Amino acid sequence: MKLCEGILNILEKDTKTSCQVACLEALRILSRDKKVLVPVTTKRNMQILMRLAKLDTVEDPLERVSEFPVIVEALKCLCNIIFNSAVAQKLSLELNLAAMLCNLLEKCKDRQFVDDIKCFDLRLLFLLSLLHTDIRSQLRQELQGVQVLTQALESSLSVRWTEEYKAVEDRDRPPLSLQETDCAIEALKALFNVTLDSWNVHSKSESHQFRYMAAILRHCLLTTGPTEDKTEELHSNAINLLSNVPVSCLDVLISPSSQEETDIKYNGMNMRAIQILLDFMEKRIDKVLPPLRDVSNRPEVGTTVRNKLVRLMTHVDLGVKQIAAEFLFVLCKERVDSLLKYTGYGNAAGLLAARGLLAGGRGDHWYSDDEDTDTEEYKSAKPNINLITGHLEEPMPNPMDEMTEEQKEYEAMKLVNMFDKLSRDELIKPMGVRPDGTMAPLEEAVSQYHTNKQDSSDSD
């Protein structure tokens, strides 16, 4: 703690650049430890770091390249401190840090050698918008954060336009550099936070802003990074952000295809970006429901994506439970028998009851023709799979084999009487499945079956 205080006292004075960089590097390492953050997280010390990062109110253009390493190290220190300290997060709002960061981004426009400054400026905006909801609102409403961050993303990707919402597609363009890719990724992450809950677009300017953003995201999907992993990270964050864009603004993802273009086309439209989206999702879907071979364990037991999703189907949070079940159901092409194969009836019962599919069948949407995906291992184990739990069980001895007919009748009546008592005391309510697959009180369900049967015989 004394070491941190001593470093900050040195940084408060005007010292040589090399000394400042060394002090900030030491402070950056120390600021990873929450135990030594107490002396750092004061208003005075935050202001010292903000001044070194050119985040004060003084209009000081970025002209001296020799100062850039100091700015970068100061931004790194602020990233660590804000990430690890709730006190620093509150002070950031009081010190109007988000506005200063947006101002620094403006200073970086059209300047050389500022990629590192932009990258850590954007990372700090991402952290602030993630950790403090008031700063997220401030960015969205007061600081025109969507516009500022979109411009930063556009600059990182070096987008050139042919029309209002159509960027130049240059097949021979080299991949982005590591710095450009990192800047784009940080901008995408910050934009995701700032555009949360943007489903409804009410004004013409908002609609334009989101369509403009979607056009940049299309360009982002058609861009590659320096490595395969970096390209995947870039595309993953672009797709995350696309999920925040209102549906009415997503039409710019496709564009009319010219005669000389050899891309994937549909009805005269260039579907290249859509194909990249599908390829990206297919990679992840293959990890979710691969062909089923091992059925010795329950579907919810294990560490695969499928196991984790099946566990979420019985989560206490209703929203989590529903979305996990719906996702798996769609992957099974909304076929009840396929869903039960991967989850077991017990885990799927809630979804099937809500959808009116307890009697089997499939959902309302159309999917491509089904193909036989049952493995030989699954086919051989299928007769012994417990449909409720969804896993293989060794045959159990039937306890009724040793009973006389009188004993069986006695046990059956005993069970009926128990259910009758529970029902009369209203501890349980016997339910049945209607002909349409939905649940209803048993008497009502039986009555509907009789009515349907009568109607069928009358028509005959």
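**Helix crossing.** I looked up how H7 and H9 cross, and the crossing is left-handed (the near helix is turned anticlockwise from the far one by less than a right angle). The model is predicted: local features need pLDDT of at least 70, side-chain atom pairs count only at pLDDT 80 or more, and totals for chains, interfaces and linings use all residues. Residues are numbered from 1 along each chain as its sequence is written, and side-chain values use heavy atoms, without hydrogens and water.

I noted that the axes of H7 (residues 115-131) and H9 (residues 145-157) come within 12 Å and cross at roughly 145°. Axes are lines fitted to C-alpha atoms over the stretch in contact, with angles from 0 to 180 degrees between N-to-C directions. Helices are DSSP runs (H or I, at least four residues), numbered from the N terminus.

On the H7 side I found Lys118, Leu122 and Leu125 in the contact, and on the H9 side Leu149, Ala152, Ser155 and Ser156. Contact means heavy atoms within 4.5 Å.

**Leu55.** Leaving out residues up to four places away in sequence, I listed what Leu55 touches: Met50, Leu75, Leu78, Leu97, Met100, Leu101 and Leu104.

**Cysteines.** I searched the whole structure for disulfides and got 0; a disulfide is a pair of cysteine sulfur atoms within 2.5 Å. The closest cysteine sulfur to that of Cys19 is in Cys23, at 4.1 Å, so it is too far for a bond. Cys19 is partly exposed at 29% relative accessible area, while Cys23 is buried at 11%. Buried means under 20%, exposed over 50%, and partly exposed in between (1.4 Å probe, protein chains only).

Conventions:
Helix = DSSP H or I, 4+ residues; strand = E, 2+ residues; numbered from the N terminus.
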